[in-house]
Amino acid sequence: MAKGYVLVEGHGEVGAVGNLLARLTPDLRISLTWAPPIRWKNLHLASGVEKGASYIRAKGDANALLILRDEDDQCPAERGPEISAWLRSLDLPFPAAAVLFHPEFEVLFLPCLERMAGTTLGSGATERPGLREGTRWEGPWDGKRGVKEWLSRHYPPNRSYKPTLDQLPLTRLLDFSLLRAADLACYGTLERALLHLGKSAAGSTYPNT
């Protein structure tokens, strides 16, 4: 059965991105089944993107490729098209897209803090306190680096945000309507990338500029 593949960088993103795509793809009415995300090195380099795409090509059952990574310092409007050009040069037998979270994946949580604050994360042996009640973000969503550190400062005393434990349960609390209303740039890019993958021809890439 043909499926979409996604390459990510971090440990926590494997589960979080898998959950995000499993919910967002049908929400956008896209007929695309995703394989579990795969961690891959050097997605900021042409060589890393080429090796990752070649690995997916060799699987023989891919009908889409999505590359997701954080872009802390540089401009996603410049880096996204650059990665897309690297993918386009490979003449892949499926559509491909690159999405850069700015400054990092956790920026998706900020418009949804009202749903997340005061909520216990996980269950059973993995249950742990989450963000303190009343946690709010001020300023532009992508206005500064260090979202992980900011989240940690809003946990109860002696607790901190840990991607391997908290990224997935917080992702489960994402509200797509809140994200759309917030006009968060990288989230809009993610939706457009998924729409591209769901309807485009082999070899096409997003961003396509």
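Predicted model: local features only at pLDDT ≥ 70, side-chain atom pairs only at ≥ 80, totals over all residues.
Residues are numbered from 1 along each chain as its sequence is written, and side-chain values use heavy atoms, with hydrogens and water left out.

Q: Why are α1 and α8 called roughly perpendicular to each other?
A: Helix α1 (residues 11-27) and helix α8 (residues 185-199) pack at an angle of about 65°, with their axes 11 Å apart. Axes are lines fitted to C-alpha atoms, for helices over the stretch in contact, and angles run from 0 to 180 degrees between N-to-C directions. Angles of 65 to 115 degrees count as roughly perpendicular, those under 35 as roughly parallel, those over 145 as roughly antiparallel and the rest as oblique, and α1 and α8 are therefore roughly perpendicular.

Q: What makes up the contact of α1 with α8?
A: With contact meaning heavy atoms within 4.5 Å, L20, L21, L24 and T25 in α1 meet Y187, L190, E191 and L194 in α8. These residues divide into 6 nonpolar, 1 polar and 1 charged, where Ala, Val, Leu, Ile, Met, Phe, Trp, Tyr, Cys and Pro count as nonpolar, Asp, Glu, Lys and Arg as charged, and the others, Gly among them, as polar.

Q: Why are α1 and α6 called roughly parallel to each other?
A: The angle between α1 and helix α6 (residues 163-172) is about 10°, with the axes 7 Å apart, and α1 and α6 are therefore roughly parallel. Among the residues that meet here are G12, A16 and L20 in α1 and P163, Q167 and L168 in α6. The residues of this contact divide into 4 nonpolar, 7 polar and 3 charged.

Q: What makes β2 and β5 edge strands?
A: The open sheet of 5 strands has the order β2-β1-β3-β4-β5, with parallel pairing, and β2 (38-39) and β5 (205-206) each pair on one side only. Two strands pair if DSSP finds at least two bridges between them, and strand β1 (residues 3-8) and β2 pair in the parallel sense over 2 bridges.

Q: Why is P140 called exposed?
A: P140, in the loop between α4 (113-116) and α5 (147-153), has a relative accessible area of 54%. Exposed means over 50%, buried under 20% and partly exposed in between (1.4 Å probe, protein chains only), so P140 counts as exposed.

Methods: Helix = DSSP H or I, 4+ residues; strand = E, 2+ residues; numbered from the N terminus.
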